[in-house]
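Please open the model in your viewer and keep the sequence panel beside it. The tour below moves from one selection to the next and says what is found at each stop.

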Amino acid sequence: MVTETDSSSSDDIDWRSETSSAEMSQRDRLAEFYEQSIYEPAVVAWSDVRTRLGIVILSVYLLMALVEVLGLWRNPAPNQAPRLLAPFVNMQYPLGTTQSGVDLFALIVDSTPFILLMVLAGGVWATSVAIVVGTISGYKGGTVDTVITSISDFFMAIPGLPLIIILAIALSPENPILLGVILTINYWAGLGRSIRSQVLSIREASYVEASRTMGTSTYRIILKDVLPNIMPYVMVNFVLAARYTIFASVGLYFIGVLPYTGQNWGVTLNNAYNQGGLFTLEALHWLLVPIVAIVGLAFGLILVSQGMDRIFNPRVRTRLTGKSESVEEESDNENTSAWV
């Protein structure tokens, strides 16, 4: 015979067990997120020497930006050091000085936060718009594809450099984020068309068809099935957009199109060239220092992008993280059979 006390105690036990299982499932989800989104990408990235070198190079630039933000190094100013001092002669001025006695290392450090924000804004803008345009156009098709493709073709037909020069003169951008967007204002169009062509083939894959058959929403299909397959290509083009932003900004600063109130690598190049840095051996380092800074940042981005393909390649991740490929394949087969 079951009493009321027994019934209430059994209810308490059921309630606690449900709470415990819910807590366990939440911990399991957090553990799975950590393993798939943090641990495995870190292992794969660190296994490639190119990625390690790229991370070290980019870390140097981030460190210089942090030094500037925290004010740990002197600000560039005229007559703060001997004029045209060669690099590594006086370690108080490790990269030498300009003709007006400005510390070149201070010039580079002072410009780094601005450059990094501009590069990040340009790359994120170009790739984000291209992903949205390319995936929606390629997956939806029909009238949506026609309209979006026509808009992309219109932006591709506009000459990029004259458009940037006109916008720079009209807006006089001094904010690095706005400047990065202006420099890549129509860069997304070509990348969006390329992503569209890849999505057209991916949407006909068996696993995408299975997701549609199961009634999965379009948003979830794009997020879970389409985007992971195009991410290596997107990351490489993010780096290309970032490199384009660097070179375009430096070139436009060099020829005096972009306004500036402070120092910039392109401005430093312009000053060095105008004051004989290309023809005078004593001033050659003045020209080389910003060039090395520009090339170093672009090279670091390229090295990191080469490791992105390994991170988004599931077979490489499986092998490098110590999992059994046969287990992964069996899991995939089970999921496929369940869909069917």
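A salt bridge here is a side-chain nitrogen of Lys or Arg within 4 Å of a carboxyl oxygen of Asp or Glu. With that definition in hand, select arginine 203 and glutamate 204, whose side chains meet in a salt bridge with an N to O distance of 3.4 Å. Glutamate 204 is partly exposed, with a relative accessible area of 48%, on a scale where buried means under 20% relative accessible area, exposed means over 50%, and partly exposed lies in between (1.4 Å probe, protein chains only).

Before going further, note that this is a predicted model, in which local features need pLDDT of at least 70 and side-chain atom pairs count only at pLDDT 80 or more, while totals for chains, interfaces and linings use all residues. Residues are numbered from 1 along each chain as its sequence is written, and side-chain values use heavy atoms, with hydrogens and water left out.

**The whole chain**

Of the 340 residues of the protein chain, 39% count as buried. The protein chain exposes about 18,700 Å², with carbon and sulfur atoms supplying 63% of that area, as computed by the Shrake-Rupley method with a 1.4 Å probe, where for residues only the protein chains shown count as cover. If contact is taken to mean heavy atoms within 4.5 Å, residues 24 or more positions apart account for 68% of the contacts in the protein chain with a separation of 6 or more.

**The annotated spans**

Next, select the segments that an unreviewed UniProt entry lists as "transmembrane region", namely residues 53–73, 114–139, 151–171, 177–195, 230–255 and 283–304. The UniProt positions are given in the numbering used here, feature names are shortened, and annotations may be inferred rather than shown by experiment. In the span 53–73, the end C-alpha atoms lie 26 Å apart, and 86% of the span is helix with 0% strand. In the span 114–139, the end C-alpha atoms lie 37 Å apart, and the span is 100% helix and 0% strand.

Side chains of opposite charge can pair when their charged atoms come close. The structure holds five salt bridges, and two of them can be examined together here. Select arginine 196 and aspartate 145, which form a salt bridge with the closest N and O atoms 2.7 Å apart. Arginine 196 lies in helix α7 (residues 188–202) and aspartate 145 in helix α4 (residues 142–157), so the pair ties together parts that are 51 residues apart in sequence. Arginine 196 counts as buried at 17% relative accessibility, and aspartate 145 is likewise buried, at 11%.

Move to tyrosine 187, in the loop between α6 (176–183) and α7, which counts as partly exposed at 24% relative accessibility. Leaving aside neighbours within four places in sequence, tyrosine 187 is in contact with Ala126, Leu240, Ala241 and Tyr244. The C-alpha atoms of tyrosine 187 and tyrosine 244 are separated by 9.2 Å, although the two residues are 57 residues apart along the chain.

Then select asparagine 237 in helix α9 (residues 218–254); asparagine 237 is buried, with a relative accessible area of 10%. Beyond neighbours within four places in sequence, asparagine 237 is in contact with Thr127 and Leu191.

**Threonine 97**

Which loop holds threonine 97? Threonine 97 is found between α2 (49–70) and α3 (104–140), and counts as buried at 0% relative accessibility. The side chain of threonine 97 reaches the backbone oxygen of proline 82 at 2.5 Å, a polar contact (a pair of N or O atoms within 3.5 Å; within protein, one must be able to donate a hydrogen and the other to accept it, and residues adjacent in sequence count only if both atoms are side-chain atoms). Residues touching threonine 97, not counting those up to four places away in sequence, include Arg83, Asp103 and His285.

Conventions: Helix = DSSP H or I, 4+ residues; strand = E, 2+ residues; numbered from the N terminus.
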